[in-house]
Amino acid sequence: MSTSHKARRAVVLGTLAALTLGATACGSSSSNPLGGSTASSGATASGASGGSGSGSGSTVVVGSANFPENVLLGSIYSQALKAKGVKVEEKFNIGSREVLYGQLQSGNLTVLPEYNGALLAYLDAKATAVTTQDVNAALGKALPASLSILDSSPAEDKDSLSVTQESADKYNLKSISDLAAKAGEFTIGGPPEFKTRREQQFKDVYGLTFKEWKPTGDTTANALKDGGIQVGNVFTTDPKIVQYKLVALADPKNVFGAQNVTPLVNKAGVDATATAALNAVSAKLDTAGLTALMKRVAVDKEDPSTVAKDWLKSNGLG
């Protein structure tokens, strides 16, 4: 995972709540303020106004940040809306949350794929909610009256403790709790700051004391695969989870806060048809599915709009 993706995790923790969303991914496209050329999906970035309901025949403008996963999600939203007869314009690959959020408030954008925990940290650096339900309740209070979140999907792009499939099978590891009996024999890897941020928390919450902590950074998934570490901080939609057949352990005590993919909308710009279409996407999208889609985009270099179309068709939404 790239250094820029690690920056988003700092946003989630509330330590850098003003960081841009555009610096948050497993690689990114070039920055693109409104009015410039767009992402590889072929969307246009011509001017458009929002603010009136999609049912009136006006255009719903779907935006995205400037990294591949968010462009993919924007394309999924866009094509799902089109499949229900909604007139859509795409403004993908725009850039930072500051730009995106302001454009949504103004009505120049209507819909954005967001991550609920990161959005809450951006709006309220002191927020302490960690579960999906609590994060969304806090967002309901933090958002201005003109904006709203729709249904969150089960899909999350968040921190995890991951192990190889071999280790999961050998030691019957399904959740972080299951590591308690073996942590003293295991080396854990992650970003350089991971030990400082999480060592005491893992001790307090899960009773884990690891044999050694290694700063593996972007090579964490590779270190797991090669046996240099036994547990790694790998983000849940990293394509290497699929590529290397890693297992992201469940986090029943919510050490890592919710990061559900969630539509953020300008309420004046979406009607019941658009809302239902976006909620239907959320109902079908899960972390394993998003990870598999990101492998096609980030590893296999397929076009995000094609990957989005295939997913929608296979889930009866396209």
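Modeller: Here it is; keep in mind that this is a predicted model.

Biologist: Fine. How many helices and strands does the protein chain have?

Modeller: There are 12 helices and 10 strands in the protein chain.

Biologist: And what percentage of the residues is buried?

Modeller: Of the 318 residues in the protein chain, 52% are buried.

Biologist: What about contacts between residues 24 or more positions apart?

Modeller: Taking the contacts with a separation of 6 or more, 77% are between residues 24 or more positions apart.

Biologist: Let's go to α2. How many residues has it, and how far does it reach?

Modeller: Helix α2 covers residues 68-83, which is 16 residues. From the first C-alpha to the last it reaches 22 Å, close to the 22 Å expected at 1.5 Å a residue.

Biologist: How many residues of α2 are buried?

Modeller: 13 of the 16, so α2 is largely enclosed by the rest of the structure.

Biologist: Take Ser75, then. Buried or exposed?

Modeller: Ser75, which sits in α2, has 1% relative accessibility and therefore counts as buried. Leaving out residues up to four places away in sequence, Ser75 touches Phe92, Pro304, Ser305 and Ala308.

Biologist: Which residue with a positive phi follows α2?

Modeller: That is Gly85, with phi near 85°.

Biologist: You mentioned Pro304. Which helix is that in, and what does that helix pack against?

Modeller: Pro304 is in α12. The axes of α11 (residues 287-299) and α12 (residues 304-314) come within 10 Å and cross at roughly 155°. An angle over 145 degrees counts as roughly antiparallel, so that is what α11 is to α12.

Biologist: What's the handedness of the crossing of α11 and α12?

Modeller: The crossing of α11 and α12 is right-handed.

Biologist: Which residues meet there?

Modeller: On the α11 side they are Leu293, Arg296 and Val297. On the α12 side they are Pro304, Val307, Asp310 and Trp311. By type, the residues of this contact between α11 and α12 are five nonpolar, no polar and two charged.

Biologist: What about Asp303, where is that?

Modeller: Asp303 is in the loop between α11 and α12. With 26% relative accessibility, Asp303 counts as partly exposed. The C-alpha atoms of Asp303 and Pro68 are 9.9 Å apart, although 235 residues separate the two along the chain.

Biologist: Different region now. At what angle do α3 and α4 pack?

Modeller: Helix α3 (residues 97-106) packs on α4 at about 85°, and the axes are 12 Å apart. The angle makes α3 roughly perpendicular to α4.

Biologist: Which residues make that contact?

Modeller: Arg97, Glu98 and Tyr101 come from α3, while Ala118, Leu119, Tyr122 and Leu123 come from α4. The contact of α3 with α4 has five nonpolar residues, no polar ones and two charged.

Biologist: And how do the axes of α4 and α5 cross?

Modeller: Helix α4 (residues 116-123) and helix α5 (residues 132-142) have axes that come within 10 Å and cross at roughly 40°. The two helices are therefore oblique to each other. The crossing of α4 and α5 is left-handed.

Biologist: Which residues are involved in α4 and α5?

Modeller: From α4, Asn116, Gly117, Leu119, Leu120 and Leu123. They meet Thr132, Val135, Asn136, Ala138, Leu139 and Ala142 of α5. Seven residues in the contact of α4 with α5 are nonpolar, four are polar and none is charged.

Biologist: Last one: what does Pro144 touch?

Modeller: Tyr101 and Gln105, not counting residues up to four places away in sequence. Pro144 is in the loop between α5 and β4, and counts as partly exposed because its relative accessibility is 25%. Pro144 and Gln105 are 39 residues apart in sequence, with 8.6 Å from C-alpha to C-alpha.

Key: Residues are numbered from 1 along each chain as its sequence is written. This is a predicted model: local features need pLDDT of at least 70, side-chain atom pairs count only at pLDDT 80 or more; totals for chains, interfaces and linings use all residues. Side-chain values use heavy atoms; hydrogens and water are left out. Axes are lines fitted to C-alpha atoms, for helices over the stretch in contact, and angles run from 0 to 180 degrees between N-to-C directions. Helices (H or I, at least four residues) and strands (E, at least two) are DSSP runs, numbered from the N terminus. Angles under 35 degrees count as roughly parallel, over 145 as roughly antiparallel, 65 to 115 as roughly perpendicular and the rest as oblique. A crossing is left-handed if the near helix is turned anticlockwise from the far one by less than a right angle, and right-handed if clockwise. Contact means heavy atoms within 4.5 Å. Ala, Val, Leu, Ile, Met, Phe, Trp, Tyr, Cys and Pro count as nonpolar, Asp, Glu, Lys and Arg as charged, and the others, Gly among them, as polar. The expected span of a helix is 1.5 Å times one less than its number of residues. Buried means under 20% relative accessible area, exposed over 50%, partly exposed in between (1.4 Å probe, protein chains only).
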